[in-house]
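Subject: Structure for your review

Dear colleague,

Please find below the structure that I am handing over to you.

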There are 2 protein chains.
Amino acid sequence: MEKLTIDKIAKLALVSRSVVSRVLNNHPNVSEEARERVLKVVEKYNYSPNPVARSLATQHTRQIGVLTSRFKDENLDNGYWSQLYLGVFEECIRRGYYVRLSFYDSSMNDNLRRHLLNEHQLDGLICLNEEVTDLAAEHFAHKERSVVIVGHNPRYTTISSVDVDNQAGAHKGVSHLTGLGHRVIGGIFGNHNVQETEQRISGYKKALRQAGIEFDERLVHVGSYSQEEGYQMVNEWLASVPEMTALFCAGDTIAMGALLALKENNISVPERFSVMGFDGLPISKYLIPPLTTVAQPIYGKGEKAAALLIDQLQKKETRTLHIDLSPELIIRNTTAPAP
Amino acid sequence: MEKLTIDKIAKLALVSRSVVSRVLNNHPNVSEEARERVLKVVEKYNYSPNPVARSLATQHTRQIGVLTSRFKDENLDNGYWSQLYLGVFEECIRRGYYVRLSFYDSSMNDNLRRHLLNEHQLDGLICLNEEVTDLAAEHFAHKERSVVIVGHNPRYTTISSVDVDNQAGAHKGVSHLTGLGHRVIGGIFGNHNVQETEQRISGYKKALRQAGIEFDERLVHVGSYSQEEGYQMVNEWLASVPEMTALFCAGDTIAMGALLALKENNISVPERFSVMGFDGLPISKYLIPPLTTVAQPIYGKGEKAAALLIDQLQKKETRTLHIDLSPELIIRNTTAPAP
DNA sequence: TTGTAAGCGTTATCAC
DNA sequence: GTGATAACGCTTACAA
């Protein structure tokens, strides 16, 4: 099986190289008989054009880069990235694009850094967190239209983005808790200085307000999305705020840590204490007890981000869009009426 | 900032295009002064050669494909995949290769299928499961040297592979259980007809034999790596084999389901029943109770697979290698002496 | 409708 | 040590 090129196919189909090209690219101006001859040869030899050569000629690669940080958080471990990436990937494939997934690590040298977002090889970029967004914004400054970020970022209003409606999500979760009669509800949130966190806190406050509960600063902690965080805070609060009966965790992983601490302190969930998660990770269903949580459309975020980017690349969309997706409350077994 | 090409750099450095190319590729036969002039211009304009053009000329892309199935198992959800991919990615980046991660879905049409492993765009391929190995073997039949698989597959002895030593792993886990005095030990294993499963069962049997325990077929179940599987089997065995006091799960996810079922049946772990996992997923530490498990070097498998592949691509290794990595027992809180 | 020829940005061969 | 020049395999004016 020797190497096939467009010229060989052309020869075999008794036409010129350009006719083959037109057929392959569905261009007009090619007679029906020529088209059929070409198609038959293509079929017979199972030919497919060399995408590298095509890229060089067309100046685009149909490849999209997905960029995220190496160390930034533990999402890597919990299935969040997988879901998100899967959404990106499948939307891209459907529309004829490839995806290159890279992890950025701040210890990388300039050379590597440049490689990761080499514009020669990438038609566009999807940034999955703030750190890499900064990186990309620097390099792609002149052509912002080919970048999309997951998670709104007030510093980049001209870059399209996708996120779950964080405020609505937190509001849903906390409202469920207040609806069950809880009055002293702790809140553990993720990263500082991020719109996501602000929005979730805002939703938390709104739900309290609507239930006529006064906001108490001591009941809110902002740290990280790690299990450790939930574990630590529960231990702290159990000592300092014994009247607490429920906890809103801005991430399922936080909730996992919280559940572990509760268990170790012999506090039964949900009888004596309710726990609400956020994310709706696949594993949340198998926690003990199965976790009540606010599910965000993780796959959908990836899918939508890819759609947005490709629409821009194909000039189907020229505006900067900031899309909010809807969260959904999943009631399982970690929440119950206040004791 | 206009587009830079090698010709522009050449002009600015007062040399020919070939000299620039030589400098950039560390070829000999270029004078020190010329080299410096070129380097200075390259630095100043922050030039980096177009990899697409380079690929067309050199006939290789420095891109490696990673292929796995979309639906085959739940690894996607539990952090296994992320770890594995991270290992592949970082080894590749270190050695100057890019990675394209794709999910194969059997519902894909021929066109897409061919796309996924288009040899024009990929120097090599890493297959993460059997289904995609079959796929790759078909297409890359003539150049097996550029494929590496994760998980040994007796059907492809001429393709290099990496795996954990499955037999040793299971043996370590079950020996720990027998060492604690357990005599009736259930075993739940993953996919049928896979060397991995055979090896783990073999390790399980060996440990029993060494402890003088007779093998009982009814205590072994082969199904899938899902939580569901663990959940179901525990419920079954609790009824049919009440004398069972310990369980060896060939995957941490299976163990998660088992723990949930045990909890629902009010059987305390590890006091009345011990559970051993396999994998050492990051989340296993946060299960309730934290899971005792046989950790396999997931990241290491990815890393080694990439290393093997690149060694082959660079002709540093011409043999077919089947590498076994060592598992490690992590004792946490789900195992205790038999009651 | 078809074919010719000029790119696309590199590497690599081969005179000089 | 250096610089033309011919690949690499495709797209796309433009001419026929």
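A salt bridge is a side-chain nitrogen of Lys or Arg within 4 Å of a carboxyl oxygen of Asp or Glu. By that rule, the structure holds 24 salt bridges over all chains.

Before the details, a word on conventions. This is a predicted model, in which local features need pLDDT of at least 70 and side-chain atom pairs count only at pLDDT 80 or more, while totals for chains, interfaces and linings use all residues. Residues are numbered from 1 along each chain as its sequence is written, chains are lettered from A and ligands numbered from 1 in the order in which they are written, and side-chain values use heavy atoms, with hydrogens and water left out.

The two protein chains

Two salt bridges are counted between chain B and chain A. In one salt bridge, the side chain of A:R70 meets that of B:E90 at 2.4 Å, N to O. In another, the side chains of A:E90 and B:R70 come together, also with 2.4 Å from N to O. This pair runs from A:E90 in helix α6 (residues 80–94) of chain A to B:R70, which sits in the loop between β1 (63–69) and α5 of chain B. Helices (H or I, at least four residues) and strands (E, at least two) are DSSP runs, numbered from the N terminus.

Contact between the chains, meaning heavy atoms within 4.5 Å, involves 55 residues of chain B and 54 residues of chain A. The buried area, which is the accessible area (1.4 Å probe) that two parts lose on being put together, summed over both, is about 5,300 Å² between chain B and chain A, and carbon and sulfur atoms give 63% of this. B:Y98, B:Y286 and B:I288 supply 14% of the area that chain B buries against chain A, more than any other three residues.

There are 10 residue pairs in polar contact between chain B and chain A, both residues being at pLDDT 80 or more. A polar contact is a pair of N or O atoms within 3.5 Å; within protein, one must be able to donate a hydrogen and the other to accept it, and residues adjacent in sequence count only if both atoms are side-chain atoms. Among the elements that give two or more residues to the side of chain B that touches chain A are α4 (51–58), β2 (98–104) and α12 (252–264) of chain B. The element that gives the most to this side is α6(B), with eight residues. By class, the side of chain B that touches chain A has 28 nonpolar, 18 polar and nine charged residues. Here Ala, Val, Leu, Ile, Met, Phe, Trp, Tyr, Cys and Pro count as nonpolar, Asp, Glu, Lys and Arg as charged, and the others, Gly among them, as polar.

The DNA strands

A residue is near a strand if one of its heavy atoms lies within 4 Å of it. DNA strand D is surrounded by 28 residues, and the closest are A:I6, A:Y47, A:R54, B:S18 and B:R22. The side chain of A:R17 places an N or O atom 2.9 Å from a base nitrogen of DNA strand D. Phosphate oxygens of DNA strand D are approached by a polar side-chain atom of A:N25 at 3.0 Å and by a backbone N or O atom of B:S16 at 2.9 Å.

Around DNA strand C there are 28 residues, of which A:R22, A:S31, B:I6, B:S21 and B:Y47 come nearest. A polar side-chain atom of A:R22 lies 2.5 Å from a base oxygen of DNA strand C. The side chain of A:S31 has an N or O atom 2.6 Å from a phosphate oxygen of DNA strand C.

Backbone details

Most residues other than glycine have a negative phi, and most peptide bonds are trans. A cis peptide bond joins A:I288 and A:P289, with omega about -5°. The peptide bond from B:I288 to B:P289 is cis, with omega near -5°. A:R62 has a positive phi, near 55°.

Yours sincerely
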